[in-house]
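Let's take a walk through the model below, from its surface to its charged pairs.

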Amino acid sequence: MTSPVDRIAALCVGTVESVSPDEIHVILDVDAPQSVALNAGTPTGFPRINGYVLIPSGAGAVVGLIVFLGVERSAFPKRTGLKDFGLIDLPFPLRKLHVTPVGTLRFQDSNRGLHHVLSRGVAVFPSVGDPVLIPTIEQLTSIVESEGDDGRLRIGTSPLAANARVFVDPDKLFGRHLAVLGNTGSGKSCSVAGLIRWSIDAARDERKKAGRGSQVNARFIVLDPNGEYLKTFDDLPNKPRVFQVPPAGDGTSPLGVPAWMWNSSEWAAFAQAAPGVQRPLLLEALRAMRGGTEAVPTPERQIGTVVRGRLVQFRALIARGAPGYTGFRGGREAGENIQQSASDLEQFAGTATEHVDVALRLTVDGLRTVAAQRQYTTAAGRTGFNDFGETHLRTVEQLLKDVEETLPQEAFASAFSEDAPIKFDVAALPDLLDTIARREGGGQAQFVANLTMRIRMLLADRRLRAIVIPDEELTVVEWLDSFVGRSNADNGQLTVIDLSLVPSEIIHIVIAVLARFTFEAVQRYRKLRREELPTVLVLEEAHAFVHRERQDIENIASPAQMCRATFEKIAREGRKFGLGLLLSSQRPSELSATVLAQCNTFLLHRLVNDRDQELVARLVPDNVRGLLRELPSLPAGQAILLGWAAAVPTLVDMRRLPKEHQPQSSDPEFWNVWTGEKDRPISWKDIHDDWIA
């Protein structure tokens, strides 16, 4: 009978040569397996890149990931039991391994009996000369198959661990955000669809097992820019709610993201409202529209609107000056703005309370004094302005603040916030903007001309109007029931939003509104119920909508910037409220660095681009550069799982989906169509009719 000591000795394949926190060097024994180990319980490939070894230590066994195999010329080894002392000391090839410590394997006694348990990190590092062992099949299974309290969702098998099943914890997978990255054709979309399907199926099986019925209380919202997921989940017991651009197809609902649901930032991004004058006027108009009234505001309120707009304008002028630079080119711009500010405020003289009126008159006189200091008149009688220094503009800023501080709080308060989701007649918004601009005077009407023109374009374009001013508008409650799901997911666990035909002018705004509304809904759920509402937001082609930050020339928030900012906020704060992100992208180097940094788990399919590989290597939380070198050569359907949801980085052969359950993202079949094996009849009239419908 073999003793435990003999069994351990039989698994020994080498010794530790050197130790560092991120890499351990191992010298293999002369008689260690060359390619296949027969002493681990079943024939096992050894040594293999990205395979595992164990190094016993005081706290268990350190799990090492093999990242390098090589041969080094060394002195001929003295083998135990053999008399080699008379041999000439000739160079001898010794094999070496470099391994990365990724965790610790311990024995644990629980209701499952005595078994191995893998924990993250290394509490006690090995020492030089410690033995290195091949893991047994049971130990390999414990390393990659976390099937216990944490492992509830089976996603595939590990080809480097005797095809042991790979399980993950959905709380860790979705609760701290997941990024599925890979080139086109690597199996990325199938993995996304599989994770959603397998999660719902596993939860349903668990409910049945516990006698709680089969209705899964899950919420997945898929933002699908390519229309790949329209039929992917049709076989589920609760069919997904599918939304398309009107007119919707069979079995789908029209996509409606009413413009009255947009908040002020989304309106400003769409209308490209400049921060100086246009944005304050737009905010005032939105507040009035949501309040259902166009009542004439008090003089104090009108003064407040002018002062706030001008403060933004002059602070932007000050910010344009480089450190140490006291002059501002374009004195004419600053001078005319100062004079116009004085004229805008002078019209309210005598209309406000005495306290405000005194400050108002002093500010008007002060503004004209500053303008006069830099004004000149030529011999021909033409007037102009010299450059204004920072001191002059700081004086203007303080004069405006003096008026602002005298205004009562009511001048800045509103019965309704400009961001409140209160329904209003969007068609009346541009006319109200014109009215407010004329009422404010001072030539402000010319500043809102472009603003109102863009809004009127939105109303006139039939493609846009069908989405943002739908014929059958839902209330906020009805919208949330349809898009996020009813209580206990009575109307299904899945929402698929087909964005493939959304016009480019508003697609970023539509995605931003959908994401923000979902986020704010779960925020308020937690506020009222003191507990989270688990929801997963899935974004395909994330690099197109959550692009990395660019240095824009203009200081105006674009729809793309607004969309990125929305997802960055969700990435930072969503976990607290139960909103998880699942981002899928084929170009991670183009994704927002903030969003990627907040993803704690990565499922990496084949990545060929050098920039993408370098970015992933910097982002992943574990020191697995050797494992990531395999990314360019991964076959379709295989991926590397690493991060918070994986105790150790693992190469996973993902579960296969039947063809009818796969997203419609397969490569076009040129050859079969060319050769007539498959038919592609065309009716351009049908396409034309659908195009203009």
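Predicted model: local features only at pLDDT ≥ 70, side-chain atom pairs only at ≥ 80, totals over all residues.

Residues are numbered from 1 along each chain as its sequence is written, and side-chain values use heavy atoms, with hydrogens and water left out.

The chain holds 21 helices and 25 strands (DSSP runs numbered from the N terminus: H or I of at least four residues for helices, E of at least two for strands). Of its 693 residues, 48% are buried (under 20% relative accessible area; exposed is over 50%, partly exposed in between, with a 1.4 Å probe and protein chains only).

Now to the charged pairs. The whole structure has 21 salt bridges (a side-chain nitrogen of Lys or Arg within 4 Å of a carboxyl oxygen of Asp or Glu), among them these:

| Salt bridge | N to O distance |
|---|---|
| Lys96 and Glu17 | 2.9 Å |
| Glu418 and Arg287 | 3.1 Å |
| Arg394 and Glu397 | 3.1 Å |

Lys96 lies in strand β7 and Glu17 in strand β1, so their pair ties together parts 79 residues apart in sequence. Lys96 is buried at 11% relative accessible area, whereas Glu17 is partly exposed at 30%. Arg394 and Glu397 sit three residues apart in helix α10, so about one helical turn separates them.
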